[in-house]
Amino acid sequence: MREISVSKIKDVVRDLCLKANFELRSDILKALKGSISKEKSARAKNIIKTIIENAGFAKKKHIAICQDTGLVVVHLEVGQDVAFSGGSLNDAINDGVEEAYRKGYLRKSVVSDALFRENTKTNTPAIVYTDIVDGDKVKISVSPKGFGSENKSMIRMFRPTDSIEAIRISW
């Protein structure tokens, strides 16, 4: 059994949050650069060039690629032969997110209650997906999902006299 301190998990999540917000993945950057020659529209070519320029500036200056730094989604692949020590894994993940968003001056836009829209001011809680796999290693992936991409829609009709409780129950 391999023991891993949750403080290490917090540090990795913090660093991955910062990297994901400051650096465009190399495969995406390569695809953008390759698309310029294929694009027919001059306007579209200029937009792609601006995106590439912005990505370079964000990486160099350690600023967010996009102002919508969104909701943090963490995917863990945890080996079945791993034991976490030193506290709560979930708390460590959220502490890492909070630290990254504070340290990186990233926009905090997560709300604790969808109805009352109160900002948590920490960009937590993160969405955490966990897969148990063979082995004694942990793989962590972090994706800041801008709220345009994470937005889900549903329509329900309520009477003007419906209570907040009735609205909450309908979700």
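These notebook entries record what I looked up in one predicted model.

**Entry 1: Ground rules**

Residues are numbered from 1 along each chain as its sequence is written.

**Entry 2: Salt bridges**

I first looked up salt bridges (a side-chain nitrogen of Lys or Arg within 4 Å of a carboxyl oxygen of Asp or Glu). The count by this rule is eight. I noted that Lys10, Asp11, Arg14, Asp15 and Glu99 are linked in a network of such bridges.

Within it, Arg14 pairs with Asp15 at 3.0 Å, N to O. For exposure I used relative accessible area (buried is under 20%, exposed over 50%, partly exposed in between, with a 1.4 Å probe and protein chains only). Arg14 is buried at 13%, whereas Asp15 is partly exposed at 41%.

Arg14 also forms a salt bridge with Glu99, with the closest N and O atoms 2.7 Å apart. Glu99 lies in helix H4 (residues 89-103) and Arg14 in helix H1, so this pair ties together parts that are 85 residues apart in sequence. Helices (H or I, at least four residues) and strands (E, at least two) are DSSP runs, numbered from the N terminus.

I also recorded the bridge between Arg25 and Asp27, at 2.6 Å from N to O. Arg25 counts as exposed at 52% relative accessibility, and Asp27 as partly exposed at 42%.

**Entry 3: The nonpolar core**

Of its 20 residues, Cys17, Val72, Val74 and Ile93 touch the most other members. H1, strand S2 (71-79), H4 and S5 each supply at least two residues of this core. In soluble globular proteins, nonpolar side chains tend to be buried together.

Which residues does Val74 contact, leaving aside its neighbours within four places in sequence? With contact taken as heavy atoms within 4.5 Å, I found Ile93, Ala126, Ile127, Val128, Tyr129, Ile140, Ser141 and Val142.

**Entry 4: The loop between H4 and S4**

Tyr105 lies in the loop between H4 and strand S4 (127-133), and Tyr105 is exposed at 76% relative accessible area. The C-alpha atoms of Tyr105 and Phe116 are separated by 25 Å, with the two residues 11 apart along the chain.

Most residues other than glycine have a negative phi, and most peptide bonds are trans. In this loop I noted Arg117, whose phi is positive, near 60°. Asn123 is found in the loop too, with a positive phi of about 60°. Arg117 is exposed at 55%, whereas Asn123 is buried at 0%. Pro125 also has its place in this loop, and the peptide bond from Thr124 to Pro125 is cis, with omega near 10°.

**Entry 5: The second largest pocket**

Last, I looked up the lining of the second largest pocket. Its 20 lining residues include Ala20, Asn21, Glu23, Arg25 and Pro144, which lie nearest the pocket's centre. A pocket is an open set of points on a 1 Å grid over the protein atoms alone, where a 1.4 Å probe fits, with protein on both sides within 12 Å along at least five of seven lines; lining residues have an atom within 4 Å of a point. Strand S5 supplies the largest share of the lining, six residues.

Technical notes. This is a predicted model: local features need pLDDT of at least 70, side-chain atom pairs count only at pLDDT 80 or more; totals for chains, interfaces and linings use all residues. Side-chain values use heavy atoms; hydrogens and water are left out. A nonpolar core is a set of buried Ala, Val, Leu, Ile, Met, Phe, Trp, Tyr and Cys residues joined through side-chain atoms within 4.5 Å.
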